[in-house]
Amino acid sequence: MTKKVSKTKKMLIEVARELFAANGKRNVTMNDIAEASKKGRRTLYTYFNNKEEIFRAVIDKELEYLLNELNKVSAEDISPDEKLRLHAITHLDAIKYIVNRNGSLSSDFFRDIYEVERARRKIDMAEIKLIYNILKQGVQKRIFRNMNLELSAVVIFHAIKGLEVPYIRKNLTKAFEENKNSIIEFIFDGIRR
């Protein structure tokens, strides 16, 4: 799914991410990125036309981390019910990691929610497919009830995604962290036989 990206482009994206995280997107210029990368403006403009384009590349890279973590879960040799539970927890933990590691950038993520959602569409579709495959395996093994797999995968995906904000909000993090297993169990209890 990921295309090969040059080392220079990867480095420019990471430098931009660090600057955005430290200072916020609005306070970073293309010149700042060029200087911090020690590559110069010409090199930066070889890869990116403007700050919005590099911001989108940063978002894409961060979301790729989420998908990579979820693919690891899918490769696990565990029962479908345990895999679905682990999938949900991994999703939440990966989103929390992304938001926490990006400091000031996280407020830009929420301010530019349409841009983030645009970038997420492709990742969301891949995640729904992962959930679909877990559900299919669970139905085949008679762990889960018979269900409309496509619809159920979409509903479960949105249930997990809907937990992101409460999970990462500072005032709810401790309570959510302590109760996340029971919250996940509550959500998935209805699909078990």
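Student: Is arginine 142 buried or exposed?

Tutor: Arginine 142 is exposed, with a relative accessible area of 55%, where exposed means over 50%, buried under 20% and partly exposed in between, using a 1.4 Å probe and protein chains only. This is a predicted model, in which local features need pLDDT of at least 70 and side-chain atom pairs count only at pLDDT 80 or more, whereas totals for chains, interfaces and linings use all residues. Residues are numbered from 1 along each chain as its sequence is written, and side-chain values use heavy atoms, with hydrogens and water left out.

Student: Which phi does arginine 142 have, and where does arginine 142 lie?

Tutor: Most residues other than glycine have a negative phi. Arginine 142 is not a glycine, yet its phi is positive, at about 60°, and the residue sits in the loop between helix H7 (113–140) and H8; helices here are DSSP runs of H or I with at least four residues, numbered from the N terminus. Lysine 38, likewise not a glycine, has a positive phi of about 60°, and this lysine belongs to the loop between helix H2 (30–37) and helix H3 (41–47). Lysine 38 is exposed, its relative accessible area being 74%.

Student: At what angle do helix H5 and helix H8 pack?

Tutor: Two packed helices are described by the angle between their axes and the distance between the axes. Helix H5 (residues 80–101) packs against helix H8 (residues 149–162) at about 40°, and their axes are 9 Å apart; the axes are lines fitted to C-alpha atoms over the stretch in contact, and angles run from 0 to 180 degrees between N-to-C directions. That makes H5 oblique to H8, because angles under 35 degrees count as roughly parallel, over 145 as roughly antiparallel, 65 to 115 as roughly perpendicular and the rest as oblique. The crossing of H5 past H8 is right-handed, which means that the near helix is turned clockwise from the far one by less than a right angle.

Student: Which residues of H5 and H8 make the contact?

Tutor: H5 contributes Leu84, His87, Ala88, His91 and Leu92, and H8 contributes Ile156, Ile160 and Lys161, with contact meaning heavy atoms within 4.5 Å. These residues divide into 5 nonpolar, 2 polar and 1 charged; Ala, Val, Leu, Ile, Met, Phe, Trp, Tyr, Cys and Pro count as nonpolar, Asp, Glu, Lys and Arg as charged, and the others, Gly among them, as polar.

Student: With which residue does lysine 161 form a salt bridge?

Tutor: Side chains of opposite charge can pair when their charged atoms come close. Lysine 161 forms a salt bridge (a side-chain nitrogen of Lys or Arg within 4 Å of a carboxyl oxygen of Asp or Glu) with glutamate 117, and their closest N and O atoms are 2.7 Å apart. This pair links distant parts of the chain, since lysine 161 is in helix H8 and glutamate 117 in helix H7, 44 residues apart. Lysine 161 is buried at 15% relative accessible area, while glutamate 117, at 27%, counts as partly exposed.

Student: How many salt bridges does the structure hold?

Tutor: The structure holds 12 salt bridges. Among them, arginine 120 pairs with glutamate 164 at 2.7 Å between the closest N and O atoms, which joins helix H7 to helix H9 (residues 164–168); arginine 120 is buried at 5% relative accessibility, and glutamate 164 is buried at 9%. Glutamate 14 pairs with arginine 101 at 3.7 Å, and Glu14, Arg17, Lys61, Glu62 and Arg101 are linked in a network of salt bridges.

Note on methods
Helices (H or I, at least four residues) and strands (E, at least two) are DSSP runs, numbered from the N terminus.
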